[in-house]
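Here is a briefing on the structure shown below. Keep the sequence and the model side by side as you read.

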Amino acid sequence: MKRHRNSLSAKLTFYILIVTSLVFVGSFCYFYSEAKRAETEEVFSHANDDIQHTSRSIELVLNQIECTVLNAVTLFNGELSKPEFHFDVLEAMVISHPSVWGASIAFEPYYYPQYGKYYFPYVCHDADTLAKNCFTDSTYNYHTMDWYRNTIALDQDNWCEPYFDQGAGNQLMTTYCYPLKDEFNVIFAVVTADLRLAEITYWVESLKPVHSSYSFMISKEGFYLSHPKGERIMVENIFENNKEIPDGVARDMLMGKNGAQYFNDNDIPSYIFYAPIPAAGWSIGSIVTHDEIFEGLNKMSVKVIYGALLGILVLILVLLMVIRKTLVPLAFFSRSAKFIATGNFEVKLPVIASNDELGELSRAFVYMQTSLKAHLAEVEKVTTVRQQIVSELQIARSIQLGMVPHQFPPFPDRDDLDLYAIIQPAKEVGGDLYDYFIHDNCLYFIIGDVAGKGVPAALMMAVTRMLFRSSSSLCGADSRKIVESMNHSYFESNEENIFVTLFVGILDLSSGVLDFCNAGHNPPIHIDKGVPIILDTLVNIPLGVFDDYTYASSSCIIETGDMLLLYTDGVTEARDIGRNFYGEVKLIRELSQLIYTTPRDVVDTLVDSVAEFEAGGISHDDKTLMAIKRNLLSLTCTLRNEMESLTEAIETIKSLQQHWNMASIEVMNLRLATEEALVNIISYAYLPGESGVIELIIKREDENVVIEISDQGIAFDPTLWEAVDLSVSIEERKTGGMGIHLLKSLMDEVTYTRRDKYNCLTLKKKITWK
Amino acid sequence: MEVTVINEQNQTIAKISGEIDSTNVTEFEALLAPAIISQTGSLVLDCAEMSYISSAVLRVFLLLEKQSRAANRELIFKHVTPEILTLFKMTGFDSIFTLE
């Protein structure tokens, strides 16, 4: 199967994939945003819980230590008079709470005068035992220490700022200080309990809401008490590096607020959760990176996307396979359609029994195939019949055209008559006719037009022509009788009442008398001495109208050199694109240019003229043209012996060019010879003042033109005239005699005879006829 | 028949057109006269349009040639058509006349 880039299966797959992908993307976006929200809530709540828990745990330790100190304070107040008892209390303090590293009581100077200015008993862990010390000298001037002074200054119990205790192995310590006051509310001693911060920073360090998060703790001064980077502890302040903790958060933490905030921890998007430890004024913070929060979600999303892509890939393959398989019949159909288009109706069509669209298509194809087969068979049948009719009509046409005489020239043995005719049927066959024959030196001719066109008209045309022949032989040289006889006969064989217009003429070829009868036909045109005029005919009704109609005939003379043009109305009623008729006026105008030409030239020229006129239109009617010419065989002129007569002779000779279709140079030579002969006669044959007659006869004899000139003047034989000597010099040349010299030179033969009183000069010239 | 005479420097041109025969040869001579009488320089007969002449015209041409020679005037026939030239040859005039 040829795969098209825009195949239906590709298109369907594409659209399904688009929709599926859109649904997936939409669902994924919704799922992701919801999951993110839930994850955020989860992490926030978890982190919050964690930090609150840690905060409370630390607070609890501090509170326990505070309680321990308070219990000790009560004991101290009861036993002030017994300084030796102090160590017992301090020892009890250290033991009572595992987180208490050391405990002390520091007295104001000289509280116990027996001990001097300094009295400061101190108990602390030392390896596995407890170390008891009492500073009574200035080696440890505790009065100047911050914790002591601050407590005096604050006048209340407090957790002092943590510090590194050199004595206890440089551990980070903080001390709870509680002032003891007398009845005057004056501080006389400060009870302390030391707490190793390591005891509580452990909780901070282990505060990890998520895997990569870290936590820290700051003092109320803002110094780090716990931090993953140990070097920062007690050295760096939370405000120092605002790339890590924003100032707002630092302030909130110092102010002992709870909270959570999004920020950039060294350009890593993160959240900070923070909670205070109110007892000590500290605060703990826990940092969770944004990515860490959504790490699981993102990993899952990637898996979902990969899964979806895989799913889409599988979907593509499945769709392509399924759709292709479904559409395979379509390819078969398209191939079948191509075969059917090339005329192969037997091509096997895929059978699809299903009730879906393809099944529908399959049934439509089968229907189309059978319908086309049937239709084409029908068309073939009709075409065969039509071709048969056409070829029969072609045969009919040649039969019909062969029915009328069509050998031209029609009478090769007669040089006094020339005739040419043509029929142009509008359809294969037509109703126009012409016919002619010579009987008893008379030319019988007919031109006719059967009403209608096509086969019926053609049949009646054949009948009409047959009737003309038979009627002519019955009725003799009488056109009226012929027409009436034809009319009678016509009624015997005209069931369809078809009428015919016709013109019958009988031309006496010796006298030129034309007897004619016009039965409703277009009157012919008579070219009378070069002037085309419409022949004046008596109007009769066409044949086939009334059986007993009496037709009238007329007659006229057709001179030699005259022509008669007969035509049917198809000629004059030819129309141009503008629906204008060709008309008689145009016909006569065309003819006036053709007066001396041969019948064939006249007919051919008119046919061309009509065709040109009709160009672009349709030929509606049969056209028939017939031209009959009485050939001019000789010309005669009777002249007086005057120079003026010469003009008439010249015109006569000039007319030969048209009459006999001669070359102008030949006519010129004849003219010159004749003129020289006539001038000689006019000038010398008669005495001055004597009037005489000169006869001029010009005739064709075979290939020659013969000119006979006769006069009754003085006998003179020009053939005996001395030839002009062309060799002499000009001065000796005679000016006369040149005419006879030319005459002899131009003609083939010049003969002279004297008959009775007549000089007879005969000029003969061989002509190359066209 | 028409004759048009044009006088130019050192020459006179006579343009002859049409047919000249015995009936109008006298008229032709009259029309040609202005080109001959009281003119000097050469005489050119432009025969391009001259379609027919008879022996009467040949006679006129011969006399004109004689006259011109006597007057020591050049006579030139120009543009003689082949038909007329045939007549000149028949009468031997082609060797007498100056043809161009």
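Buried means under 20% relative accessible area, exposed means over 50%, and partly exposed lies in between (1.4 Å probe, protein chains only). By that cut-off, 47% of the 100 residues of chain B count as buried. This is a predicted model: local features need pLDDT of at least 70, side-chain atom pairs count only at pLDDT 80 or more, and totals for chains, interfaces and linings use all residues. Residues are numbered from 1 along each chain as its sequence is written, chains are lettered from A and ligands numbered from 1 in the order in which they are written, and side-chain values use heavy atoms, with hydrogens and water left out.

**Chain B overview**

- Chain B has 3 helices and 5 strands. Helices (H or I, at least four residues) and strands (E, at least two) are DSSP runs, numbered from the N terminus.
- Read from the N terminus, the order of elements in chain B is β-β-α-β-α-β-α-β.
- Contact means heavy atoms within 4.5 Å. Among contacts in chain B between residues at least 6 apart in sequence, 67% link residues at least 24 apart.
- Chain B exposes about 4600 Å², and carbon and sulfur atoms supply 47% of that area. Accessible areas come from the Shrake-Rupley method with a 1.4 Å probe; for residues, only the protein chains shown count as cover.

**Nonpolar cores**

- A nonpolar core is a set of buried Ala, Val, Leu, Ile, Met, Phe, Trp, Tyr and Cys residues joined through side-chain atoms within 4.5 Å.
- The largest such core has 70 residues. B:L45, B:I53, B:F61 and B:F88 have the most contacts inside it.
- Helix 15 of chain A gives the most to this core, with 10 residues.
- Leaving out residues up to four places away in sequence, B:F61 touches B:I16, B:F28, B:L45, B:M50, B:I53, B:F77, B:F88 and B:F97.
- A second, separate core has 69 residues, among them A:I58, A:V100, A:A193 and A:V210.

**The five-stranded sheet of chain A**

- Two strands pair if DSSP finds at least two bridges between them.
- An open sheet of 5 strands in chain A has the order 23-24-25-27-26, with antiparallel pairing.
- Strand 23 (634–640) and strand 26 (749–755) of chain A are the edges; each has a single partner strand, so one side of each lacks a neighbour in the sheet.
- Neighbouring strands of this sheet are turned by 15° against each other on average, direction ignored. Axes are lines fitted to C-alpha atoms, for helices over the stretch in contact, and angles run from 0 to 180 degrees between N-to-C directions.
- Strand 23 of chain A is joined to strand 24 (residues 693–701) of chain A by 7 bridges, running antiparallel. One bridge sets A:R640 against A:V693 in strand 24 of chain A.
- Helix 13 (residues 645–654) of chain A packs on the sheet and touches strands 23 and 24 of chain A. The direction of helix 13 makes about 175° with that of strand 23 of chain A.
- Helix 15 (residues 664–684) of chain A also packs on the sheet, touching strand 23, strand 24, strand 25 (704–711) and strand 27 (758–766) of chain A. The direction of helix 15 makes about 10° with that of strand 25 of chain A.

**Strand 22 of chain A**

- Strand 22 (residues 623–630) of chain A is mostly covered, with 8 of its 8 residues buried.
- A:K623, A:L625, A:A627 and A:K629 point one way; A:T624, A:M626, A:I628 and A:R630 point the other way.
- Strand 13 (residues 417–424) of chain A pairs antiparallel with strand 22 of chain A over 8 bridges. A:D418 has A:K629 as its bridge partner.
- Strand 21 (residues 563–567) of chain A pairs antiparallel with strand 22 of chain A over 5 bridges. A:M563 stands opposite A:K629.

**Backbone points to check**

- Most residues other than glycine have a negative phi, and most peptide bonds are trans.
- The peptide bond from A:F408 to A:P409 is cis, with omega near -5°. A:P409 lies in the loop between helix 7 (357–403) and strand 13 of chain A.
- A:N266 has a positive phi of about 50°. A:N266 sits in the loop between strand 10 (259–265) and strand 11 (268–277) of chain A, and is partly exposed at 36% relative accessible area.
- B:H79 has a positive phi near 55°. B:H79 sits in the loop between strand 4 (75–78) and helix 3 (82–90) of chain B, and is partly exposed at 46%.
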